[in-house]
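Me: I'd like to learn how to read the features of a protein model. Could you take me through one, step by step?

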Amino acid sequence: MIDWENLHYFSVFTEEKSLSAAARKLGVDHATVSRRIAQLEQNLKLKLVDRRPRTYILTPDGERLAQVVARMMEETFSIERLTQAGQQEVMGSVSISMPPLTAAHLIMPHLGRFYRHYPQLKLRVLGDVHYVSLQHSEADIAVRFGRPKDENLVARKVGEIPFGIYAAPNYLASTDSESYEWISVEVGGVHGQKQQKLKERLGNKEPVMVTNHPELQWRAACGEAGLAVLPDFLGTLSNLVRLQDDHPMSAEIWLVTHEDLRHSPAIRVVMDFLVSCFESFRT
């Protein structure tokens, strides 16, 4: 008989493409993932992976099984979403994925108001730099900069967040414009496009610092390390100075959920709450 937990581990491995990434997602060590895959191979009497010094590579049988398991997992997620959508009471748990700075500064200050209205509903807020998957039920709702194009997802535009070039007052006072440095964060979308414009403005100079987290970029700007592209709500919050900019840009804010969940009472009240948090950014 097939051990379904072993199949689950194999499924996560095939999605993440490495033992270490699968282990992080599952909250276990990589040896556990390796052992689960070996048990599945033994159970099925099939070689699913080629074990190489630094990586595991799927065999042809592994590739075929991965496709079958992916379909099975999607059906399982569909059942979970159907069950959640069928609940008529506003209770239980709803998970939300959103950029961490957006969560910290635009959503968290309003949570008390939400819980006073819905004390039986619990929120799980995932402050994700790299977006989690709604298709695989890693979150129920997502806040995204830019409209997603995934199938079976329902998206609603709720506002636009303007971006600008910011720096600390002391940095601007003590640095000639020809000597400006800039701080980069590894993101795409409007944020990434505006960073490219800033780089061109500074003569294609390489950044003085690169980070993978927007908060570290913001903190570096506050620490007088250089210029940074930031959403306006962060720039004004930290008393930074907004530089004159010939190419103003803004990022659309979209709320996204799965088609199967859109009519769930719990999902609806959380979506309405999030819309209210972005009230000042409506266009």
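**A threonine, then the rings**

Reply: Let's start with Thr102, which is found in helix H5 (residues 100–107). Helices (H or I, at least four residues) and strands (E, at least two) are DSSP runs, numbered from the N terminus. Keep in mind that this is a predicted model: local features need pLDDT of at least 70, side-chain atom pairs count only at pLDDT 80 or more, and totals for chains, interfaces and linings use all residues. Residues are numbered from 1 along each chain as its sequence is written, and side-chain values use heavy atoms, with hydrogens and water left out.

Me: Is Thr102 buried or exposed?

Reply: Buried means under 20% relative accessible area, exposed over 50%, and partly exposed in between (1.4 Å probe, protein chains only). Thr102 has 2% relative accessibility, so it counts as buried.

Me: What is Thr102 in contact with, leaving aside its neighbours within four places in sequence?

Reply: Contact means heavy atoms within 4.5 Å. With those neighbours set aside, Thr102 touches Ile107, Phe145, Phe233 and Phe278.

Me: How many aromatic pairs does a search of the whole structure find?

Reply: Rings of Phe, Tyr and Trp (its six-membered ring) pair if their centres lie within 6.5 Å; planes under 30 degrees apart count as stacked, over 60 as edge-to-face and the rest as tilted. The search turns up seven pairs. Take Phe13 and Tyr56: their ring centres are 6.2 Å apart and their planes at 75°, so this pair is edge-to-face. Phe13 lies in helix H1 (residues 4–16) and Tyr56 in strand E2 (residues 56–58), so the pair ties together parts that are 43 residues apart in sequence. Phe13 is buried at 2% relative accessible area, and Tyr56 also counts as buried, at 16%.

Me: Why is the pair of Phe114 and Tyr118 tilted?

Reply: Their planes are at 45°, with the ring centres 5.4 Å apart, so the pair is tilted. Phe114 is buried, at 2%, whereas Tyr118 is partly exposed, at 28%.

Me: Which residue lies over the face of Tyr9?

Reply: A charge sits over a ring if NZ of Lys or CZ of Arg is within 6 Å of the ring centre and within 35 degrees of the ring normal. Over Tyr9 you'll find Arg36, at 5.0 Å from the ring centre. Arg219 lies over the face of Trp218, at 4.3 Å.

Me: And the overall picture?

Reply: The protein has eleven helices and eleven strands, and buried residues make up 45% of its 283 residues.
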